[in-house]
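Look over the sequence and the structure first.

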Amino acid sequence: MQDLKGKVAYITGGSKGIGYGVAEKLVAAGMKVAISGRTLKTVETAAQYLGNVENVLALESDVTQLNSEKEAIQKILDTWGQVDVVLANAGVGHFAPVDEMSDEQWHQMIDTNLSGVFHTLKASVQALKKSKGYYITLASLAGTNFFASGAGYNATKFGVVGFTQAAMLDLRKYDVKVSTIMPGSVATHFNNNEPTEKDSWKIQPEDIGELVLDLLKMHPRTLPSKIEVRPTRPDKK
C-alpha cells in the first residue's frame with residue numbers, strides 16, 4: 001500500500017477525536033475515506049470539514065449492531081467498489097469502582113469497545129481478503145495497564161488487544177494485515193474532555209493519523225502487530 005492514492009478506508013467513530021484525526025491524514029494522502037457514527041448529522045458535519053467531497057463518505061452506523069456495520073460496508077462497496085483499510089476506532093468509557101459501576105455502563109462498554117471491533121471486522125473481512133487489506137483496532141495502554149476505577153474499561157481494552165492479536169494470526173494467511181494501536185493520553189473529547197492548550201503535552205489525534213500512514217506504507221513483509229504509543233513526557237504540573 002505504499003501508493004495510497006485511490007485506496008479506500010473506513011473509520012468507525014470518525015466524526016471527532018482520533019478517528020477524525022486519522023481521516024484528515026488519509027484524505028490528505030489521496031485516499032477515499034468513509035467515516036461513521038451513530039448520528040448522521042454529526043458525521044456529515046465532520047465530512048464537510050474534511051473537504052474533498054468526492055473522496056469522503058459520511059455513514060450512520062452503530063458498531064454494537066452487526067447488521068448496521070454490514071450496511072455501512074455495503075454502502076462503501078456500492079460507492080467505491082472496494083475496502084482496503086478499516087480502522088475500528090469507536091469507543092466509550094465509564095470510570096467508577098467496580099462496586100459502583102452500573103450494569104448499563106458495563107454493557108455499553110462491552111458492546112461498543114469489544115463487540116464493536118468484532119462486528120466491524122466481521123462485516124468487512126471478505127472485502128479485506130479481496131483487497132489484501134489492513135484491519136486496525138484502536139485499543140489503549142489501558143489494554144495492558146490496569147488501574148482503580150477502570151475495571152470495565154480495562155476489561156474491554158484488554159479484550160481488544162487479545163482479539164486483535166488472535167485475528168492477526170487468523171488472517172495473515174490471506175495477506176490481510178492486522179494491528180492494534182495502544183495510545184496513552186490523547187487530546188480528544190473522550191470522557192467529556194474539552195481539548196484546550198492544557199492538553200498540548202498529550203498525543204494529538206493527527207499524531208495517530210501519522211502513525212496509521214506509517215503502518216500503511218510499511219513494506220508488506222513487515223507487520224508491527226501491536227504498537228504502544230505514549231506522550232514523550234508527562235504533564236508538567
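Which residues in α4 meet which residues in α5? Among them, Trp-106, Met-109 and Ile-110 in α4 meet residues including Ala-151, Gly-152 and Tyr-153 in α5. This is a predicted model: local features need pLDDT of at least 70, side-chain atom pairs count only at pLDDT 80 or more, and totals for chains, interfaces and linings use all residues. Residues are numbered from 1 along each chain as its sequence is written, and side-chain values use heavy atoms, with hydrogens and water left out.

**Helices α4 and α5**

- Helix α4 spans residues 103-131, and helix α5 spans residues 151-171. (Helices are DSSP runs of H or I, at least four residues, numbered from the N terminus.)
- Their axes lie 8 Å apart, at an angle of about 15°. (Axes are lines fitted to C-alpha atoms over the stretch in contact; angles run from 0 to 180 degrees between N-to-C directions.)
- That makes α4 roughly parallel to α5 (angles under 35 degrees count as roughly parallel, over 145 as roughly antiparallel, 65 to 115 as roughly perpendicular and the rest as oblique).
- Other residues in this contact (heavy atoms within 4.5 Å) include Phe-118 in α4 and Phe-163 in α5.

**Helices α1 and α6**

- The axes of α1 (residues 17-28) and α6 (residues 205-217) come within 7 Å.
- They cross at roughly 55°, so α1 and α6 are oblique to each other.
- Gly-17 and Ile-18 are among the α1 residues that meet α6.
- Leu-213 and Leu-216 are among the α6 residues that meet α1.

Note on methods: Helix = DSSP H or I, 4+ residues; strand = E, 2+ residues; numbered from the N terminus.
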